[in-house]
Amino acid sequence: PEGEVSTPTDVMELEGDSASTILAGRIDAGDMDPFQPGEISFMVSQLPDEGHGEGDPEHADNCPFCARKLANAPKAIVQFRGTDGKVLPGDARQILSLEKGDVVYVTGTAKFNSAVNTVMVDATGLFKKADR
């Protein structure tokens with residue numbers, strides 16, 4: 001994707017302003033299913049800082065600094081909406097060929113909702129990072 005990439009924490013720090021962005025994250029909701037049944041919607045978690053622990057895919061799980069930072073980062077709910085403003089019906093896993101653990105870059109408008117400590121993203125596009 002072209003442009004500056006944001007994290008859920010970056011969006012949170014905008015303090016309520018809605019902004020066009022490219023949001024990077026991993027499809028993950030902890031112990032819950034990250035996909036919303038019947039909707040083209042899913043949850044993403046923040047990625048570890050780029051370059052920190054390079055070459056070690058399990059670094060974030062074993063580094064106390066990374067683990068604390070990621071645990072405190074807000075989650076982001078990504079929703080694809082129709083022209084009527086409603087979330088599009090369907091299954092994001094099938095329609096967008098996604099699965100839990102995928103790293104994605106989402107284009108759209110993002111806003112932090114402090115009441116639920118979550119970034120809400122009205123998505124307009126999606127890029128899935130290829131597996132290495």
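I will go through the overall layout of this predicted model and then its aromatic pairs.

Start with the layout. The protein has six strands and four helices. Read from the N terminus, the order of elements is β-α-β-β-α-α-β-α-β-β. There are 132 residues, and 36% of them are buried. The accessible surface is about 8000 Å², with 48% of that belonging to carbon and sulfur atoms. On contacts: if we take those between residues at least 6 apart in sequence, 62% join residues at least 24 apart.

Now the aromatic side chains. How many aromatic pairs does a search of the whole structure find? The count is two.

One of them is formed by Phe 35 and Phe 42, with 6.3 Å from centre to centre and 50° between the planes, a tilted arrangement. Phe 35 has a relative accessible area of 6%, so it counts as buried. Phe 42 has a value of 2% and is buried as well.

Tyr 105 and Phe 127 also pair. Their ring centres are 6.0 Å apart, and because their planes meet at 45°, this pair is tilted. Where do the two residues lie? Tyr 105 is in strand 5, residues 103-113, and Phe 127 is in strand 6, residues 118-128, so the pair ties together parts that are 22 residues apart in sequence.

Terms used
Residues are numbered from 1 along each chain as its sequence is written. This is a predicted model: local features need pLDDT of at least 70, side-chain atom pairs count only at pLDDT 80 or more; totals for chains, interfaces and linings use all residues. Side-chain values use heavy atoms; hydrogens and water are left out. Rings of Phe, Tyr and Trp (its six-membered ring) pair if their centres lie within 6.5 Å; planes under 30 degrees apart count as stacked, over 60 as edge-to-face and the rest as tilted. Buried means under 20% relative accessible area, exposed over 50%, partly exposed in between (1.4 Å probe, protein chains only). Contact means heavy atoms within 4.5 Å. Accessible areas come from the Shrake-Rupley method with a 1.4 Å probe; for residues, only the protein chains shown count as cover.
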